[in-house]
Amino acid sequence: MRTVKYFFLLLLLVSVSYVVSCKTVPQYEAPVEPVIAPVDVTVNFRFIAYDTAITNPDDDKRCYYKVFIDKIDAGRTTIGLESQKKYFEAKLSPNTHLIVIEKWVLDEREGEYKKVNNIAQPKPNYYYFETKKNAVTEVTMVNDKKTNTAQYSVSMQ
Amino acid sequence: MIQKQLWIGILLVVIATLHSCKKEKIFEIEPNDTYTQTHLINIGTPIDGFFNTESDIDFYMVDVQAPTLLDISVSAVKGVNSAFTVWKATDDGVMPLKYVDDMRKSAPERLRGFKVDVGRYYISISHGDKDPRIKNTENSYTLLVNQEDPESFESEPNDTILSANPLTIGVPVRGYYSPAFNKTNTNAVNPNREEDWFTFYIDQAPVVCDIEISGVTGIEAQLDIVDAQGNVLFSSKPQGQGVSQIAKGIGLSVAGNYYIMVAAKNYAANNETPYSLIVTTRSYDNTTEIEPNNIMASATPVVTDTIMGRIYPDGDVDYYKYGGDSSEKSFYRVEVAPPMTLDILFSIYTVKGEEVYTVNNEVTGQKELHPNLFLSAPFYVKVWAKRGQLDMDNNYGLAIAPVNISNLIDVEPNDSKEQANAVQGNTITGYISKKADTDYFLLHYKGRQKKYFLVKAPEKIPVSFSVTDSLGYILQTVKIKAGQSATVNEIIDGKGYCIVKPLNDMYDGIYTVEIKDKP
């Protein structure tokens, strides 16, 4: 009789602990497409990219970076010479995010931008970063054009 | 023996008969160097004469009993450039009517279709001016004056506008390209050209007249129409020898006298076949062009939806003026539907005469059009055909209609970024206006903005749609099938361009682009 009593008590404890544990699992959030911020909208993420090791102005092409955040096409940076800083801003949910970039360079003969060959894309072409609600996360990517080696740095402002 | 004598007798009779049948030549009687010393000749009877001296002139006198048409010919004299003059006796003496000289040596002279009234006339035969005057007392000339029925013939001399023969509208008149030269014609442009002038009267204007002159072998005809102020309304273009000349649809806007000049090019003459000239008129109903409209100043006004015209003769150019007096620009659709024989073209001109656009998309027999002409009225349309093409019998139709489509901002030419049309609202409506038409539109926004472009291609024309950076370099391009839609999103860094291009050879199709802030 005593054994049965203990068994029911144990079962009750297991059930309660299960219910409690279910309540603490984080709820799934659908990916939020980054909002390209008009000037009057506060942003909390900024991406800056530029190239170094350009020794000849002829090699300093007009370009931009296509930006994917959390694997969603989020837009592109501003356009400028490879050596110039190019910007992308967005308002993101406070979380860890993945940025993947894709370099596009102007083909002056064709009059249009063309995606740079994968071999010449900056490596790595991705970076994980954190965002907060009331701070701006700034990710800077510096690409060595000779080696196509990208270095990322992050700061929170 | 008797038989022999009989044969001799028959032979003698035959010889005597033949001798009596031989025509006696009639010779001039010198001196006949002035009209007072001349002698009368009979019409139809030839008379021979000589150039007895280097300055010999032989006068002959003809009495005309009834109005008639004279055919005067002088045979050739070897080595001599001959000429003759026809004179009319007046109370004061004589008056020269016509000088005939083809300026060739050893060549005959002839004047045919010379209408004369009752009276006395003189014919003086002399040396021509061109060659040295030489005498020839061995070879005679023969002067022959014949007459013909003068009914419906021109009345020479009608060599100037002042001596133009009156014409009756609808009644043909005939005349000869004779003689080859008119020495009294001192016109600087066409010196010595033999011209026949006619005149007709228009009592009610406006009317449209058609004038036709038949073709004559060996003659390339020139036909001019002149108003009472001396303005040339029509001047025919070369059509070749033996071909008729037609002035069709000549608009006569003012009542009064009008004049027609007929001449042969290159001093050619034909004394055998007359030309026939006829003038007909019809009332003007605003649905046909009024020739001459070969220059902007004489453009035919367009007051109906469609106006008809003809490309005739070769090289004909027709100007039309689309009316109104609007300072505001509007869209118009301009179409020219040619007959199957013509490869037609047209150009658009502003009221200041500046060429805005030339349309030449299609081949022979195909319609040319501009679906979205944007300018202020009045404006001019010039219609013509490819070189060497003409059609005397078939009309082309010119149609001009206002276009009222909301958000139509496609103002041609906008084929480059420098010509781009600025986008004011959120919708672009445009036309593929011609083959391979490229349309640029300029986008201006405050700061960086992401935009969604919903593009709908024309029903029968697949298009490509591109968005560019601020310098006009393409950021991305999408291809959209005919009649279908696609959405493109792109960030505009303050300024950018949209480019629409057709992907086949078709045109005259409407596309739309909706620009949105959200998908």
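Predicted model: local features only at pLDDT ≥ 70, side-chain atom pairs only at ≥ 80, totals over all residues.
Residues are numbered from 1 along each chain as its sequence is written, and chains are lettered from A and ligands numbered from 1 in the order in which they are written.

**Chain A.** I looked up the secondary structure, where helices (H or I, at least four residues) and strands (E, at least two) are DSSP runs numbered from the N terminus. I call a residue buried if 20 or more other C-beta atoms lie within 10 Å of its own, C-beta atoms being placed from the backbone; buried residues make up 25% of the 157 residues in chain A.

**Where the chains touch.** I found 10 residues from chain B and 11 residues from chain A in the contact. On the side of chain B, the elements that give two or more residues are β30 (439-456), β32 (474-480) and β33 (485-502), and β30(B) gives the most, with four residues.

**A sheet in chain B.** I counted two strands as paired if DSSP finds at least two bridges between them. Five strands of chain B form an open sheet of mixed pairing, in the order β10-β12-β17-β14-β15, with β10 (165-166) and β15 (232-235) as the edge strands, each pairing on one side only. Strand β14 (residues 221-227) of chain B runs antiparallel to β15(B) and is joined to it by three bridges; Val226(B) stands opposite Val232(B) in β15(B).

**Cores.** I took a nonpolar core as a set of buried Ala, Val, Leu, Ile, Met, Phe, Trp, Tyr and Cys residues joined through C-beta atoms within 7 Å. The largest has 65 residues, and Ile123(B), Ile225(B), Ile250(B) and Val262(B) are those with the most contacts inside it. Its largest share, seven residues, comes from strand β17 (residues 256-264) of chain B. Domain 1 (39-148) and domain 2 (161-283) of chain B both give residues to this core, so it lies between them; the domain bounds come from an automatic or database domain assignment. Another core, of 49 residues, lies apart from it and includes Tyr50(A), Ala74(A), Val463(B) and Val500(B).

Technical notes: Contact = placed C-beta atoms within 7 Å. Buried ≥ 20, exposed ≤ 12 C-beta atoms within 10 Å, placed from the backbone.
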